[in-house]
Amino acid sequence: PSLSIEPKEAILMTVETSKYKRSIQLNAILYPDIEKIHWKSSNPACAMVDEKGLVTAIADTHYLGTVVTITAYTDSGLSAQAIIRVENPINAFVRRAYDLLLDRRPDRLGFSFWKKRLEDQLETGTSMLYGFFTSYEMRNKEIDDEVFVELCYRAILGQDKDEEGKAYWIGKLKEGSSRKSVLKSFVDSEEYRQICNEYNLIAGTIEDSSIKSFIQKCYRNILGRNSEQEGIEYWSNYFEHAQDKERAYKDMLIGFFQSEEFLKKKMNGEDYISLCYKIILDRDVEEEGLIYWENRLLREKKEDILKAIVESNEGRKKIDRMIYE
């Protein structure tokens with residue numbers, strides 16, 4: 001007598017997507033077929049199985065992924081197992097980035113950060129991947145152009161490089177194109193947008209975040225006026241010629257926020273915090289964050305709050321993107 005299950009492995013999503021299903025029918029093959037087959041799940045809270053072997057994903061509960069064993073068995077003691085990997089689309093996309101770009105499992109803190117940002121639609125698929133490409137961890141790898149292009153194919157298009165395409169993009173880089181411009185070409189492709197659709201994510205694109213664009217943003221939002229050419233040239237030259245671009249970025253912010261023109265506004269604490277978020281984090285401040293920083297303002301100076309927001313995890317990621325080429 002024998003009992004087996006087909007298929008023996010499967011991936012299910014907690015939310016059905018264009019590629020992945022939420023349910024799968026397992027087939028138990030019993031020989032001779034003379035007994036009733038029972039079914040059980042090792043974790044019904046994550047994947048349940050009915051009396052006919054239909055498995056349905058319920059929840060992806062662990063940042064490293066959720067694996068559930070489905071067992072078919074008979075009263076006489078025969079049994080067979082299938083391994084079901086339960087994925088939440090967003091969780092899976094984040095784990096995929098860690099695997100393909102950083103070549104490691106996600107850490108709990110980093111995973112939680114990106115998961116929440118994607119869930120709250122504060123990040124798109126593209127902005128998250130760009131965050132990985134521009135991270136300290138990635139930059140410290142000091143990858144060459146060949147490896148960079150290979151990662152673009154794997155992490156963005158989900159495919160191995162083709163030699164002709166690889167040669168084309170390496171040639172573009174050698175001709176002077178920035179890595180940022182190459183990344184933009186990959187994320188603007190139809191193949192990448194299909195991948196984001198498979199994970200129920202907004203694809204997004206890489207916006208112009210050049211230093212001149214950032215300086216103009218500071219003039220408009222901090223000083224409340226259009227920039228003059230002299231100011232644009234001064235700050236852009238200061239940044240471009242600085243050996244320590246992180247320091248130059250912080251100096252620019254302090255220059256605007258501590259300028260006599262800005263200080264004359266005598267901005268209240270709530271408006272100051274909101275402006276810091278808009279300039280540094282490129283988003284609105286949430287209520288919880290506003291309360292936190294307002295409490296700190298009771299015992300700290302505004303410039304201390306500015307520096308703390310810049311040095312936050314989210315703020316440092318923005319710095320990485322600003323200086324990455």
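A: **A hairpin and its neighbours**

In this predicted model, strand 6 and strand 7 form a hairpin. Four residues lie between the two strands. Gly-53 sits in that turn, with a positive phi of about 90°.

Now the pairing. Strand 6 covers residues 47-49 and runs antiparallel to strand 7. Three bridges join strand 6 to strand 7. Take Ala-47: its bridge partner in strand 7 is Ala-57.

Strand 7, residues 54-57, also pairs with strand 3, residues 23-25. These two strands run antiparallel, again with three bridges between them. Here Ser-23 has Thr-56 of strand 7 as its bridge partner.

Next, the helices. Two packed helices are described by the angle between their axes and the distance between the axes. Helix 14 spans residues 287-297, and helix 15 spans residues 302-311. They pack at an angle of about 140°, with their axes 9 Å apart. That angle makes helix 14 oblique to helix 15. The crossing of helix 14 past helix 15 is right-handed.

Which residues meet there? Helix 14 brings Trp-293, Arg-296 and Leu-297 to the contact. From helix 15 come Lys-302, Ile-305, Ala-308 and Ile-309. Sorted by class, the contact of helix 14 with helix 15 has five nonpolar and two charged residues, and no polar ones.

Notes:
Residues are numbered from 1 along each chain as its sequence is written. This is a predicted model: local features need pLDDT of at least 70, side-chain atom pairs count only at pLDDT 80 or more; totals for chains, interfaces and linings use all residues. Side-chain values use heavy atoms; hydrogens and water are left out. Axes are lines fitted to C-alpha atoms, for helices over the stretch in contact, and angles run from 0 to 180 degrees between N-to-C directions. Angles under 35 degrees count as roughly parallel, over 145 as roughly antiparallel, 65 to 115 as roughly perpendicular and the rest as oblique. A crossing is left-handed if the near helix is turned anticlockwise from the far one by less than a right angle, and right-handed if clockwise. Contact means heavy atoms within 4.5 Å. Ala, Val, Leu, Ile, Met, Phe, Trp, Tyr, Cys and Pro count as nonpolar, Asp, Glu, Lys and Arg as charged, and the others, Gly among them, as polar. Two strands pair if DSSP finds at least two bridges between them.
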